[in-house]
Amino acid sequence: MKRTVYQFIEREKLFSHKDKIAVGLSGGADSVALLAVLCDLGYECVALHCNFHLRGEESMRDEHFVEQWVKSLGIAYRKVDFDTTAYATEKKISIEMAARELRYNWFAQQKEELGASCIAIAHHSDDVVETFLINLTRGSGIHGLTGIKPKNGDIVRPLLCVSRKDILRYLKKKGLEHVEDSTNQESVYTRNKFRNKIIPLLEEINPSFRGSLLQTIANLRNTEDYLTHKVEKAQKTLLIQKEDSVWHISIEQLRKEGNAPFLLYELLQPYGFTSSTVSNIAEGLTGESGKTYHSEFFTLQKDREVLILYKTEDCQTNDIWVEEGTPSIETPIRLDFCIEEASTVKIEKDKKFCYLDYDKLEFPLKIRKWKQGDYFVPFGMKGKKKLSDYFVDKRFSIYQKNQCWLLLSGNQIVWLIGERSDERYRVTSETKKILKIAMRE
């Protein structure tokens, strides 16, 4: 096993003998084998142990075993205690997810403090098989079916080239002890159900099941590499950034590329959209405008022949009041206010500026989002116009309409901010004072 692991490390370029390796050590067979083989190969290692306090005396037994064994090896060691149950309750997540978040966050912190090049985790080829089957039953794209990667950012997995049986044989040969997590024999958790029930049944059907599936996963990875190249090429023409955190996807161009559901999933999955949501988006490509879809942090809207993707922000929905003499505001939009004598003002023709007859204004001014039924008299016109009609005439997208803010005096709109002021408050030859308003980036 030692040679197999070394060749795998070299082939996948996981790390070198110049690097310090932070090794996750639970005390179980897999992590004991990982640390042992890395030390045997001459790598500089630091052992990291997490006590999640989920199994009473067993958790303390594991911690004690790890401390004694690491001490006998004479290598550096760090450990941490977590109140995993409290964390899961606070975050409203499962115990499994809580332990994962706590573990990886702490590992990342320790890597920086220790000056380690990476964090080694004891996943092996059996874990690859289990992960494939779990993702398959949940519904997954090709990324979820290519198993656990040898390297993912700072995380490396040197044992993916060996099986659980290989690990146990190595431990027996070296005369190394380990602790056994009693919950591994229970079928409470999803992974354990696959490990203890489903995979043994599949092996009854095909004794070579594991090897066959690993070959299938290897084939899928080759396909994934090819598709990734194609997707990256298509992404340059499909996902067009219009401004900060706003992207457009042309529906027409998407159709030309072919296989819209697949491409949409590849484009939107990095933004947190699930396969089921993307399926709904693909089905709605020929539907009416206005349909909105959400991930945790992003929103996608269909607007005519364009899909608009943008970062969802905590929108200010309450009215904002601007008192007389206020020099500036920072939220919900950054504006500067200045009162000047009309004779000294040079009016600039730029949508970022608004010039209003000060004496016609009723303070405090109000800033709010637009709503159905709003109207104003656009600068240069005589009659009233509904904002909804104005948006149609100007071909505003749904996203642009939702981003619009209004400045009001009393109940009258005086400025569609950043777009057009109201004719009723325009500066005339009789204007004595001017309220100059400027938008800031």
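This is a predicted model: local features need pLDDT of at least 70, side-chain atom pairs count only at pLDDT 80 or more; totals for chains, interfaces and linings use all residues.

Trainee: Okay, so which strands form the open sheet, and in what order?
Mentor: There are five of them, running β12-β16-β19-β20-β21, and the pairing is antiparallel.

Trainee: And which strands stand at the edges?
Mentor: β12 (320-322) and β21 (420-421). Each has a single partner strand, so one side of each is left without a neighbour in the sheet.

Trainee: How many bridges are there between β12 and β16?
Mentor: Three, in the antiparallel sense, with β16 covering residues 365-369.

Trainee: Switching to helices. At what angle do α2 and α3 pack?
Mentor: About 10 degrees, with the axes 12 Å apart; α2 is residues 29-40 and α3 is residues 57-73. The cut-off for roughly parallel is under 35 degrees, so these two helices count as roughly parallel to each other.

Trainee: Which residues make that contact?
Mentor: On the α2 side, Val-32, Leu-35 and Ala-36; on the α3 side, Phe-65, Trp-69, Val-70 and Leu-73. By class that contact is seven nonpolar, no polar and no charged residues.

Trainee: What about α4 and α5, how do they pack?
Mentor: Helix α4 (residues 84-91) meets helix α5 (residues 95-114) at about 105 degrees, axes 9 Å apart. That angle makes α4 and α5 roughly perpendicular to each other.

Trainee: Who's touching whom there?
Mentor: α4 brings Thr-84, Thr-85, Tyr-87 and Ala-88, while α5 brings Ile-95, Ala-98, Ala-99, Glu-101, Leu-102 and Asn-105.

Trainee: Zooming out, how many helices and strands does the chain have?
Mentor: 14 helices and 22 strands. The radius of gyration is 31 Å, well over the 22 Å the globule rule gives for 441 residues, so the chain is more spread out than a compact globule.

Trainee: What does the C-alpha trace span along its principal axes?
Mentor: About 100 × 45 × 40 Å. Buried residues are 42% of the 441 in the chain.

Technical notes:
Residues are numbered from 1 along each chain as its sequence is written. Side-chain values use heavy atoms; hydrogens and water are left out. Axes are lines fitted to C-alpha atoms, for helices over the stretch in contact, and angles run from 0 to 180 degrees between N-to-C directions. Helices (H or I, at least four residues) and strands (E, at least two) are DSSP runs, numbered from the N terminus. Angles under 35 degrees count as roughly parallel, over 145 as roughly antiparallel, 65 to 115 as roughly perpendicular and the rest as oblique. Contact means heavy atoms within 4.5 Å. Ala, Val, Leu, Ile, Met, Phe, Trp, Tyr, Cys and Pro count as nonpolar, Asp, Glu, Lys and Arg as charged, and the others, Gly among them, as polar. Two strands pair if DSSP finds at least two bridges between them. The radius of gyration is taken over C-alpha atoms; the globule rule is 2.2 Å times the number of residues to the power 0.38. Buried means under 20% relative accessible area, exposed over 50%, partly exposed in between (1.4 Å probe, protein chains only).
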